[in-house]
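Look over the sequence and the model first, then read on.

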Amino acid sequence: MSASSIIWNPLLPVDILIAMAVLGGLVMLAGCFAPRPGLPAPGVVWRIAATAAVLCALANPSIVIEDRTPLTDIGLVVVDRSQSQTIGDRRVQTNAALSQVADWAASQTNFELRVVELPAPADARSPTGPSGLRDGTHLFEALDRALIDIPRDRFAGAMLITDGRVHDLPDNVAALDTDGPVHAVLTGARDAGDRKLTIVENPGFGIVGQTVRLTLRIDEPSAVRARQAQVTIRRDGAADGRTILAPVGVNHSIDLVVDRGGTSVFELSVGPGREELTQANNRAVVTVNGIRDRLRVLLVSGAPHPGERTWRNLLKADPSVDLVHFTILRPPEKQDGTPVRELSLIAFPYRELFEVKLNDFDLIIFDRYRRMGVLPSIYLRNIVNYVESGGALLEATGPEVTPATSLYRTALASVLPGEPTGTVTEAPYIADVNETGRRHPVTAALPGIGLAEDDTPDWGRWFRHVDARPKSGTVVMDGPDGRPLLILDRVGEGRVGQFLSDHIWLWARGFEGGGPHNELLRRLAHWLMKEPELEEDRLTATVRGDTIEIVRHSLAPDPAPVVVTGPTGETTTVTLEELGDGRAVGNMAVDETGIYRLDDGSRTAVAGVGTINPVEFADVTATDALLRPVAAVTGGGVNWLSESGPPDIRRVRPGRGLADGGAQKPSAGWLAFQRKGASAVTGVREMPFLPALVLLFAIGGLLLAAWRREGK
Amino acid sequence: MSFVASSAKRSLAWAQPDDAVVASSPPASDRFALEATKDTRLAYVLTGDTKVDETSRAGLAGLGQILARRTSIEPGAPVGLDVERDELAFFPLIYWPMTDRQAPLSDRARARLNDFMRNGGTILFDTRDQNLSGIGGVGPGTQTLRGLVQGLDIPALIEVPADHVMTKAFYLLHQFPGRWEGGRLFVQKPDERVNDGVSSVIIGANDFAAAWAIDNTGRPMFSVVPGSARQRELAFRFGVNLVMYALTGNYKADQVHVDEILERLGQ
């Protein structure tokens, strides 16, 4: 294709040409009207012609020839591949419509079809781009991004193949300016019924031991609405859960008990309604972060001793602990007759502590406590019950453990894991973390422990050890000759720790550089109080972006791989890598939102990927309500695949209608792309309009003719 | 246990054969550590002045007897310390009387004392000069102390406030007499966040050890001035409170909150 035009390209400045023309004109006029006979002068016409020819030659007309290439019109198809598009036969409809457009486009000349899928297929996703896990359908963002690369004079129109549930509709649809129609090709069926479960209010966190109130709502189209529906609540991936009846169509609150610290995952599901598009929105995952109320620790010191302040420093510095401390400053047998008003002593409120308020304590520490008649045995039996029903007890044993005074000679024997042998060793030794302890969260990776398993920690020495024979529990630290130093045990619902030396205060006082007394005692106390972070045998799954981080804590290395079951039921096996400190870790990439269940054969975990109420599944019924205004503003149309079948696709000249019946028709039978007819200039040629030789002969001929005429 | 000059051998804290009194070879220091950690022990600084050292030992021994008789603390025999050489970390409380023979400290001793105080130990400096300082005057012990503490991390001190935990650690006390009475007692401004609010330094002038000192027959070694059975009893009570304070820290001060915490329980 080419186009030509004539341009003037004067050899002399235009002013001079004009001056010459004026001068020539005057001479001619004089020739015509001079007062002489025989007017006009013979040959004046020839002279005028000759002058004009000279001027014309000097004005140098040229022909410019442009070579043009026609440009293709560009049509855009944005394909909604969001999760709601997997419902029913929407995926099939989508693919059929897409291939129909593609086939049509292939048959066109000067037409290019660009297809954008959203989210992009996993293999085409850029690492910085939106991940496949982004919640919601963001078609307009994709449309905008694609339009950046399309010149306006080539944009023939766009077609959105979607169920119509678009979550990024522009605020002001009327201001849309696309220079081409935006058509909606809708999958799914109008007016399909679907039951859905929505979490209206999730408190997010709650205090351990109390309840949190969760508000949910079950919605269903009124035509098929049931009055009540069964909601099943399962926690932390348990196979069974409790079932409640909830009314349909109104908010309904339920109370969940927060029974432990850390994250609890609650999974709520409602059975299928009479009509269902998907069951994906009949489920919701709620995580509740259990926050522990201030922990109440009762510390009972048998006598003032140098280690007492180590406990006090630790427990008073811990912002989550309320410390109730009693020290036996004066045993009952040492009455010296000092008037009470001169003494600062109070009676040990044992009934208050060990009967009335006992169950309000989270941890009871007997610090070098000895049996000496202060605490009647009935109260020690209360402590046994307290432990078995979920309490925590720590005994730090000192030199006073003679067979007669040991707490082991009381009812507490049934919960204490170590039976004192009566041997008290007074010799220097280094408190060492044994092989099991190096894997136990209470003692693993303590500062200064040494990296290799047989390293001796660089901690200061202790000088006393109270020997005991472990009956149960786990020995995590060793004293002299590998004898147990720290024993941890679970009794009934509760936990017990037994520290078989009182010399940890030597670390606090910096003897021989000290040791990790604060870290060790803090972890010990919190393990006893069931801090979830310190559980020694657990599987945890943490979602970070589109990766699930899997951590397994175990006291013995466990080669079992973790089987992860995704939201749609497919399973992946992840092999974990041992870190050597009781942890084994692995990662798994995820690309679907929903609940992932992890199971390694003996431990389970649940991870909720994505948001609690995915907007993608909030409403999955197909609709034209959102896109019809867009079609109207841009001159496009709306086609329901389920009603008119795949639309007939056309190309029309500008100014013609772009859709069957415009945007008003419920389902347009045909949709059109615009013909834009844009082209690009590929080259420009320029040539003189009058060849120089022709001009020369013309001028010469005209002058000659003028001369001859004049000469007659 | 090689830190005692032979002339002061009787102030050895516990009996040892002379041939064991050699340089601080590992076994000897281990033995020292073993003995020091077996029981709770009160310690005093050896000054080189035999009479003063013996008074310190007898004073802490007398206080130990009172503690064992009246409280659940049953301390072992007192330990005399050479601050230049002995491990200090085992002792909750070190009694340090001022004498005119007090030698300046080496840098090493200063560092050890600073570590001791930082890690929760308490030093009771006794200037013992309450009888010698007139109104507004400065006694010789106070002058010695001023020289001695150069280079030590001595915190800002205040006179013991009326509600200080030392006034209620075991006995209720309003004065802190020793052999003398009327001397002022200074402590660190209480800060519960550090070492349970226990003062690393206590400074008094009342020659406390002399009031506590008892001889082999169990009789007081020195008369108290102005002198009454009550004064000696109060001196012992101060000693009891002092040791309770060093061992139990702020315990008695936060017991006032216990009722409130118990009240809150179960709500």
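How many of the 20 residues of α1(A) are buried? The count is zero, and α1(A) is hardly covered. Keep in mind that this is a predicted model.

**Helix α1 of chain A**

The helix covers residues 14-33. At 1.5 Å a residue, its 20 residues should span 28 Å. The end C-alpha atoms of α1(A) are 28 Å apart, so expectation and model agree.

**Chain A as a whole**

Chain A holds 13 helices and 36 strands. Its radius of gyration is 46 Å, while the globule rule gives 27 Å for 712 residues. Chain A is therefore more spread out than a compact globule. Along the principal axes, the C-alpha trace of chain A spans about 170 × 65 × 55 Å.

Of the 712 residues of chain A, 38% count as buried. Now take the contacts in chain A with a separation of 6 or more. Residues 24 or more positions apart account for 75% of them.

Chain A is divided into domains, as tabulated here.

| Domain of chain A | Residues |
|---|---|
| domain 1 | 2-69 + 683-711 |
| domain 2 | 72-190 + 640-677 |
| domain 3 | 196-292 |
| domain 4 | 295-530 |
| domain 5 | 538-609 |

How far apart do the C-alpha centres of domain 1 and domain 3 of chain A lie? They are 96 Å apart.

**A strand pair in chain A**

Strand β34(A) takes in residues 648-652. Ile649(A) and Arg651(A) make up its covered face. Asp648(A), Arg650(A) and Val652(A) make up the uncovered one. The partner is strand β35(A), residues 670-674. The two strands run parallel, and five bridges join them. Ile649(A), on the covered face of β34(A), stands opposite Leu671(A) in β35(A).

**Where chain B touches chain A**

At this interface, 35 residues of chain B are in contact with 36 residues of chain A. On the chain B side, the elements that give two or more residues are α1 (26-38), α2 (50-70), α6 (229-248), α7 (251-254) and α8 (258-264) of chain B. α1(B) gives the most, with five residues. By class, this side of chain B has 16 nonpolar, 10 polar and nine charged residues.

**Backbone exceptions**

Most residues other than glycine have a negative phi, and most peptide bonds are trans. A few places in this model depart from that pattern.

Start with the cis peptide bonds. One joins Leu118(A) and Pro119(A), with omega about -10°. Pro119(A) sits in the loop between β4 (111-118) and α4 (139-148) of chain A. In chain B, the bond from Val225(B) to Pro226(B) is cis, with omega near 0°. Pro226(B) is in the loop between α5 (208-212) and α6 of chain B.

Next, positive phi. Asn110(A) is not a glycine, yet its phi is about 55°. Asn110(A) lies in the loop between α3 (90-106) and β4 of chain A. It counts as partly exposed because it has 16 C-beta neighbours inside 10 Å.

Arg368(A) also has a positive phi, near 50°. Its place is the loop between β17 (363-367) and α7 (377-388) of chain A. Is Arg368(A) buried or exposed? It has 22 C-beta neighbours inside 10 Å. The cut-off for buried is 20 or more, so Arg368(A) counts as buried.

Terms used. Residues are numbered from 1 along each chain as its sequence is written. Chains are lettered from A and ligands numbered from 1 in the order in which they are written. This is a predicted model: local features need pLDDT of at least 70, side-chain atom pairs count only at pLDDT 80 or more; totals for chains, interfaces and linings use all residues. A residue is buried if 20 or more other C-beta atoms lie within 10 Å of its own, exposed if 12 or fewer, and partly exposed in between; C-beta atoms are placed from the backbone. Helices (H or I, at least four residues) and strands (E, at least two) are DSSP runs, numbered from the N terminus. Two strands pair if DSSP finds at least two bridges between them. The expected span of a helix is 1.5 Å times one less than its number of residues. Two residues are in contact if their C-beta atoms, placed from the backbone, lie within 7 Å. Ala, Val, Leu, Ile, Met, Phe, Trp, Tyr, Cys and Pro count as nonpolar, Asp, Glu, Lys and Arg as charged, and the others, Gly among them, as polar. Domain bounds come from an automatic or database domain assignment. The radius of gyration is taken over C-alpha atoms; the globule rule is 2.2 Å times the number of residues to the power 0.38.
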